[in-house]
Amino acid sequence: MKCTVVVGVATLLLFPISLSSQTGPMTREEVLASVYPGATVEAERVFLTGEQTQRVSELARAEIESPLVARYVAREGGRVVGRAYVDTHVVRTKPESLLIALASDGAVRRVEVTAFLEPREYMAPPAWLRQFDTQSLSDDVALQRAIRPIAGATLTAQSATEAVRRVMAIDEVLEGRGRR
Amino acid sequence: MGSRLRLLFLPALIVLYLGVGVTASAQSPEVTEPAEAEASAEGASQDDIDLEELQRQLDILAEEVERLRSGEQPIELTDEDARAIGLAPSAAATYERSAGVSIAGYGEMLFENFAAEDEAGQPMGSASQFDFLRAILYAGYRFNDKFLFNSEIEIEHADEIFVEFAYVDYLAHENFGVRGGMLLVPVGLVNEFHEPTVFLGAERPVTEQRIIPSTWRENGVGIHGSVDGISFRAYVINGLDGWGFSSSGIRGGRQKGSKAKASSMAFAGRVDVTPAPGVLVGASLYTGGSGQGEIALDDREFDVRTTIFDLHGQAQIRGLDLRALYARANIGDAAELNQVLGKTGSSGVAEMMDGGYIQVGYNVLSQSAEAGSVALTPYVRFEKVDTQAMMPVGFDRSRSTENTFTTVGVELKPISNVVVKVDHAWVTNDAKTGVNQFNIGLGYAF
């Protein structure tokens with residue numbers, strides 16, 4: 001018994017030493033500053049029309065919970081270099097907010113968690129979120145296709161994938177790009 | 001008054017906005033709010049100014065609503081704030097955070113039809129069973145950013161109530177926490193992730209029932225965390241109770257947190273590596289005494305050290321679901337334990353038992369965009385379990401404890417939260433007592 005307790009306590013004490021990198025939610029400002037360094041970022045709130053909402057839903061193959069869209073437009077020298085959107089959705093019973101940063105052509109540049117109110121162990125790890133980088137709106141942006149699931153956090157993976165598709169569809173509709 | 005109290009006054013704010021107007025303001029610290037720059041354009045008419053002011057106010061409200069929806073800003077009340085709304089501080093707790101209580105759950109129902117004869121053609125008594133295996137509610141509460149409570153309350157077979165886990169978690173660091181309470185023992189692939197929508201098969205793998213006795217939970221404390229694709233958990237928990245061991249495994253040794261004997265403690269831990277999304281490999285270890293001070297012969301006490309380790313891997317790539325696990329349990333002082341338990345011959349507890357499986361499934365709808373979230377996954381699992389792989393001197397192996405299970409089935413998920421599974425398991429052993437079975441399962445998780 002003593003041996004077991006000693007091993008256990010030693011493990012409890014030694015593990016934290018190697019911990020350093022941050023994996024918790026970031027603030028919007030932190031994400032925007034790292035994705036669009038040097039750019040001027042302007043906040044916008046856009047209200048989707050009924051027609052736009054329907055079009056987005058078709059493109060995203062996902063429900064649009066609110067026509068209120070929070071987005072940030074990044075400019076360098078007056079030229080738009082990207083747009084970032086906040087998507088808030090329910091994972092299991094609690095909300096998660098993702099800041100989904102796009103390039104000017106609508107491709108994903110970064111997805112970061114800005115709020116996660118489910119137990120932390122269900123939060124998508126950064127390496128999993130990196131799967132969305134450079135993805136553009138297509139049928140391949142789906143779980144078990146280009147996006148692999150998260151072991152033990154199926155609902156997190158499902159809701160995040162839907163969110164990215166939804167944001168790319170909103171951007172496509174608002175910016176009037178193809179697939180019309 | 002703290003700015004976060006605005007939630008309470010949002011309805012009033014909207015009323016004011018619709019009526020006589022408001023003077024509140026809100027700013028994002030590092031970004032430009034365009035509406036603010038648009039106010040008071042020189043030379044504009046009064047109507048234009050009113051319109052711009054309305055636009056500005058609308059933008060403020062939109063920002064407020066969106067921020068509140070996002071869950072990014074907890075709402076904090078001072079005691080003065082609480083008094084202002086007529087509540088004592090504790091009674092006002094529900095106002096402090098929009099996300100305090102968390103409720104979720106899952107359940108599974110299982111129909112089993114057993115073959116009329118065993119391998120040798122001997123008639124079997126059992127025929128069919130229809131069981132509401134599990135109905136579970138998760139309940140949690142997040143006290144603040146650092147502390148949370150999480151629990152799983154289970155009703156098993158519709159009439160047995162268990163607490164499967166209940167712990168307080170202290171999130172000391174973004175990727176490190178300390179928890180204490182009744183904990184799921186962190187071993188294997190199924191024990192911690194045992195919702196029916198997560199594993200393939202109407203029934204859990206036999207290895208993860210007999211060698212790893214899921215759902216295995218005990219009381220204890222420990223740490224958990226993750227860094228750079230590596231996650232770990234390490235707990236000190238009460239040990240198993242050797243009085244419950246048998247020739248068919250250690251499952252009966254679980255204490256399930258109920259007045260658990262704690263003379264023999266144990267260590268349980270695991271490390272998992274995720275080299276790429278959807279791919280996981282790892283190992284876990286449990287070691288501790290199972291004697292609990294009660295296994296003694298001739299005034300000599302035996303620790304009955306029980307060590308279980310497993311190696312596991314899982315890959316989920318483009319509709320393919322591949323899993324493999326090997327688990328082995330070593331039990332010290334097995335001969336003495338058998339003597340104390342009064343077991344003889346082939347009914348004894350083994351010195352070593354092991355089992356493993358390899359399982360593959362493929363979602364045939366995974367590459368179809370039209371299928372949406374519908375998944376149809378045929379699967380096959382090959383499994384071998386031997387609960388008497390090595391017997392202590394003086395005891396014999398039973399020819400019926402080394403079993404091979406070949407399971408072929410299909411699962412349908414109309415949505416990701418609901419699953420229907422149909423499979424057939426062929427069971428064989430050297431004693432020719434294996435009984436095949438056909439299963440239909442219904443599961444849900446929310």
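**Chatting through a predicted model**

Reply: Let's start in chain A: strand 4 and strand 5 of chain A pair in the antiparallel sense over seven bridges (two strands pair if DSSP finds at least two bridges between them). Strands here are DSSP runs of E with at least two residues, helices are runs of H or I with at least four, and both are numbered from the N terminus.

Me: Which residue does A:Glu96 stand opposite?

Reply: A:Glu96 stands opposite A:Phe116, which is in strand 5 of chain A.

Me: Before we go on, what kind of model is this?

Reply: This is a predicted model, in which local features need pLDDT of at least 70 and side-chain atom pairs count only at pLDDT 80 or more, while totals for chains, interfaces and linings use all residues. Residues are numbered from 1 along each chain as its sequence is written, and chains are lettered from A and ligands numbered from 1 in the order in which they are written.

Me: And what is the mean pLDDT of chain A?

Reply: The mean is 84, and 85% of the residues of chain A reach 70 or more; pLDDT is the predictor's confidence in each residue, from 0 to 100. Over residues 5-22 of chain A, pLDDT stays under 50. Where pLDDT is low, the predicted coordinates should not be read in detail.

Me: Back to the sheet. In what order do the five strands of chain A come?

Reply: The open sheet has the order 1-2-3-4-5, with antiparallel pairing. Strand 1 and strand 5 of chain A are the edge strands, each pairing on one side only.

Me: Which residues of helix 2 of chain A are buried?

Reply: In helix 2 (residues 28-35), they are A:Arg28, A:Val31, A:Leu32 and A:Val35. Buried means 20 or more other C-beta atoms within 10 Å of a residue's own, exposed means 12 or fewer, and partly exposed is in between, with C-beta atoms placed from the backbone. Seen down the axis of helix 2 of chain A, the buried residues fall within an arc of 95° (taken from the directions from the helix axis to the C-beta atoms), so they line one face of the helix.

Me: Switching to chain B, where is B:Thr428?

Reply: B:Thr428 is in strand 17 (residues 418-429) of chain B.

Me: Why does B:Thr428 count as partly exposed?

Reply: Because B:Thr428 has 17 other C-beta atoms within 10 Å.

Me: How about B:Ile415, which strand is that in?

Reply: B:Ile415 is in strand 16 (residues 402-415) of chain B. B:Ile415 counts as partly exposed because it has 13 C-beta neighbours inside 10 Å.

Technical notes:
Contact = placed C-beta atoms within 7 Å.
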